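Student: Please give me a close look at one part of this model. Then connect it to the rest, step by step.

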Amino acid sequence: MLWYSLIELDFLISLIIVIVYGLFSLRCKNINLTDVYFISRLLPITFIIGFYVESCNTVFYPSIDLLVAILTSIVMGSFRNFESILLLLLAFVGNIFMLHSIDFMTFFITLEAQNFCFFVLCALMSSKISSSFNVEASIKFFVLSAFTSGVLLYWFSHLYLITGCTTFSLITNFCSNRVLCFFSYFVLCALLFKLGAAPLHLWVTHIYSGVKRNLLLYISTIPKLSLFGFWFNNFQTTVSYSSVLLFSLFSLILGSFSAYNQPALRSLFAYSTINEMGLMLLAVESAGFHALFQHLGLYIISQFLLWNLHDKNLFSIVALTLAGLPPLAGFFGKAFIFWHASTVGLFTTLLVALICTVVSLVYYLRIIRLFYNASSAISLRFLHYTGACSIRRSMIIQPTNTIYSMETRVALTSLCVVLLFFLPIFVIKPFVCFA
């Protein structure tokens, strides 16, 4: 048994060594933390490579684990203090172990370990301007998440009392379909709260308004990938998909119409994220997890481009992608979901999704018009914390420190732009099958 856990133990020992060396470096002025940051960024990728080597995979193929490791390493480049790097590594441990958790307790422990890192990071990464808002957002997230975790633990214990089993895949052998749908609905509510789907979305708007954008980049991408990966691996056989469709409709309607009159851009993108979550849940209901991960990948690329912007022309690309206009990849991702929604007979949901897409197109184009009607000297520094500032006020905030070096930002944004333009070559492939 110990032999099969050798890679996980090796990673945890490496993490402890990095912690000890980092603490020693903080006490010694002659030792720089640059090597600690470099090793910390390599740890997630080396762990995944070791995992594949240890499992004797002859073909090395990309998977959710590898994507989580790469995204974590990239996001770590935007953090400049040892405490944040350490918390990101601990969150990575929770993400990876949650992907492969097969029973109630391992899923609950890894989920709470991930949430604990978010609580601390939200309050830790504060500035003189936004410290009170960061702490407020962290406390609200903590209270709501604690309540949801309590509900999740209660229904896990209730399922154990009924079935005597804690494994997700074996629950269907002990429960009738009616009882299973009833209990899986409450577990699904807790899972969708962590994903930020409406009407369980209250923490999303507070977090988007109160934290720094490098942490916001992490929260809006990697946890969603790991949660959907867990859903795909272990939870899809126990969930009732009629309830998924209900949450999808809530997210589409509330995300699109609530974002229309938002005065602050961060609030607008918070509700836009809720709208995108509705599309992903619609993909689960109609097209399956292939379309879900396809659209989730496009969403992650657009988020990386959004939170590293330094030019309003690049913002136009992000807005057009999120709005779903051709020839960018966002159009083909949404079209694939709408196609499958029509083939399975979800015409009412499809009509609602199309109306919400038109509404989102209106406010995205309105924002582009505001940028291009403004003076050419206006930059996109408003994506730093703006508090309750309006769109026009937030445009004139003075530049602050960037989250990456300029060379890294240019390389990252260039890669995202190339992907958004050339991914349709691969995304359009499913339509060929229907021709």
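Tutor: The expected span of a helix is 1.5 Å times one less than its number of residues. Helices are DSSP runs of H or I with at least four residues, strands are E runs of at least two, and both are numbered from the N terminus. This is a predicted model, where local features need pLDDT of at least 70, side-chain atom pairs count only at pLDDT 80 or more, and totals for chains, interfaces and linings use all residues. Residues are numbered from 1 along each chain as its sequence is written, and side-chain values use heavy atoms, with hydrogens and water left out.

Start with helix α5, residues 104–124. It has 21 residues, so it should span 30 Å. Its end C-alpha atoms are 30 Å apart, which agrees. Now look at its cover. Buried means under 20% relative accessible area, exposed means over 50%, and partly exposed lies in between (1.4 Å probe, protein chains only). The buried residues of α5 include F104, F107, F108, L111 and Q114. Further along, N115, C117, F118, F119, L121 and C122 are among the buried ones too.

Pick F108 and step across to S149. Contact means heavy atoms within 4.5 Å. Residues up to four places away in sequence aside, S149 touches F108, E112 and K194. S149 sits in helix α6, residues 131–163. Is S149 buried or exposed? Its relative accessible area is 5%, so S149 is buried. Its side chain also makes a polar contact of 3.4 Å with the side chain of K194. A polar contact is a pair of N or O atoms within 3.5 Å; within protein, one must be able to donate a hydrogen and the other to accept it, and residues adjacent in sequence count only if both atoms are side-chain atoms.

Go on to the loop between α7 (177–195) and α8 (202–210), where P199 is placed. A cis peptide bond joins A198 and P199, with omega about 0 degrees. Most peptide bonds are trans.

Next comes helix α10, residues 222–235. Its 14 residues should span 20 Å, and its end C-alpha atoms are 19 Å apart, which agrees. α10 is mostly covered, with 12 of its 14 residues buried. Among them are P223, K224, F228, W231 and N234.

S258 lies in helix α11, residues 241–258. At 24% relative accessibility, S258 counts as partly exposed. A polar atom of its side chain lies 2.8 Å from the backbone oxygen of L254. S258 touches I253 and Y271, with residues up to four places away left out. S258 and S272 are 14 residues apart along the chain, and their C-alpha atoms are separated by 8.9 Å.

Where is the salt bridge? It joins the side chains of E276 and K334, at 4.0 Å from N to O. E276 lies in helix α12 (residues 265–286) and K334 in helix α15 (residues 329–343), so the pair ties together parts 58 residues apart in sequence. E276 and K334 are both buried. A salt bridge is a side-chain nitrogen of Lys or Arg within 4 Å of a carboxyl oxygen of Asp or Glu. The count by this rule is 1.

Stay with α15. Its 15 residues should span 21 Å, and its end C-alpha atoms are 22 Å apart, which agrees. Of those 15 residues, 11 are buried, and α15 is mostly covered. F332, K334, F336 and H340 are among the buried ones. Just after α15, G345 takes a positive phi of about 90 degrees.

F421 is in helix α18, residues 406–422. With a relative accessible area of 41%, F421 is partly exposed. F421 is in contact with I317 and L328, neighbours within four places aside. F421 and L328 are 93 residues apart in sequence, yet 5.3 Å apart in space, C-alpha to C-alpha.

Now step back to the whole. The protein has 20 helices and 0 strands. Buried residues make up 55% of its 435 residues. Among contacts with a separation of 6 or more, 77% join residues 24 or more positions apart.
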